[in-house]
Amino acid sequence: MIVYKLVKDLNDDEIFRCIRLINSNFKKNRFNTYSSVIYYVIGSDIIGFIGISDNYLNQICTNVNYRNRGIASKMISRVKEELGAEPIYLFVDKNKSTTEYLVNFYKKNEFIIEYENDVEYKMGYKN
């Protein structure tokens, strides 16, 4: 099940489970910067997460045991529904071993590279 919520409407358990997933995937946790989130639940486990600030996506992740099952793509589709006609943006770090994979993944989900510098790509989706 995919859930969309404003951060202010999350209960303590949802916050804890989202933060735990973020921390298992990223060195820095930016949870306190999000206005809303999308998360994917199986049973009582949150196994997918997207942080949303305005129309920027951040810390998109899926539990390692559930990858390559279309979960991130389903969450991105839900973001597109929730944000409607607004353009959606995200950044991909150019200096990681997963950069090429991530850029191709986002292209598959209809994002295009709008800008790049030495550090990152800015990718966008327009409905």
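This is a predicted model: local features need pLDDT of at least 70, side-chain atom pairs count only at pLDDT 80 or more; totals for chains, interfaces and linings use all residues.
**Entry 1**

Is Lys27 buried or exposed? I looked it up, and Lys27 is exposed, with a relative accessible area of 88%. For my own reference, buried means under 20% relative accessible area, exposed means over 50%, and partly exposed is in between (1.4 Å probe, protein chains only).

Residues are numbered from 1 along each chain as its sequence is written, and side-chain values use heavy atoms, with hydrogens and water left out.

Next I asked where Lys27 sits. I found Lys27 in the loop between helix 1 (12-25) and strand 2 (36-42). Helices (H or I, at least four residues) and strands (E, at least two) are DSSP runs, numbered from the N terminus.

**Entry 1: the whole protein**

I stepped back to see the overall build. I found three helices and seven strands in the protein. Read from the N terminus on, their order is β-α-β-β-β-α-β-α-β-β.

What box do the C-alpha atoms fill? Along the principal axes, I noted roughly 40 × 30 × 25 Å. The protein has a radius of gyration of 14 Å, which agrees with the value near 14 Å that a compact globule of 127 residues would have. That radius is taken over C-alpha atoms, and the globule rule is 2.2 Å times the number of residues to the power 0.38. Of the 127 residues, 41% count as buried.

**Entry 2: salt bridges**

How many salt bridges does the structure hold? I found seven. The cut-off is a side-chain nitrogen of Lys or Arg within 4 Å of a carboxyl oxygen of Asp or Glu. A reminder to myself: side chains of opposite charge can pair when their charged atoms come close.

I looked at three of these pairs.

- Asp9 and Lys8 form a salt bridge with their closest N and O atoms 3.8 Å apart. Asp9 is partly exposed at 44% relative accessible area, and Lys8 is exposed at 69%.
- Arg17 and Asp13 meet in another, at 2.9 Å from N to O. They are four residues apart in helix 1, so about one helical turn separates them. Arg17 counts as buried at 14%, whereas Asp13 is partly exposed at 42%.
- Lys80 and Glu110 meet at 3.0 Å, N to O. Lys80 lies in helix 2 (residues 71-83) and Glu110 in the loop between helix 3 (99-108) and strand 6 (112-116), so this pair ties together parts that are 30 residues apart in sequence. Lys80 is buried at 12%, while Glu110 is exposed at 52%.

**Entry 3: positive phi values**

Gln59 has a phi near 50°. This residue belongs to strand 4 (residues 56-62), and Gln59 is buried at 3% relative accessibility.

Asn68 has a phi near 65°. I found Asn68 in the loop between strand 4 and helix 2, exposed at 73%.

**Entry 4: distances across the chain**

How far apart are the C-alpha atoms of Leu10 and Asn58? I read 18 Å for this pair, whose members are 48 residues apart along the chain. Leu10 lies in the loop between strand 1 (2-6) and helix 1, and Leu10 is buried, at 8%.

Then I turned to Arg78 and Tyr4, which are 74 residues apart in sequence and 8.1 Å apart from C-alpha to C-alpha. Arg78 is in helix 2 and counts as partly exposed, with 22% relative accessibility.
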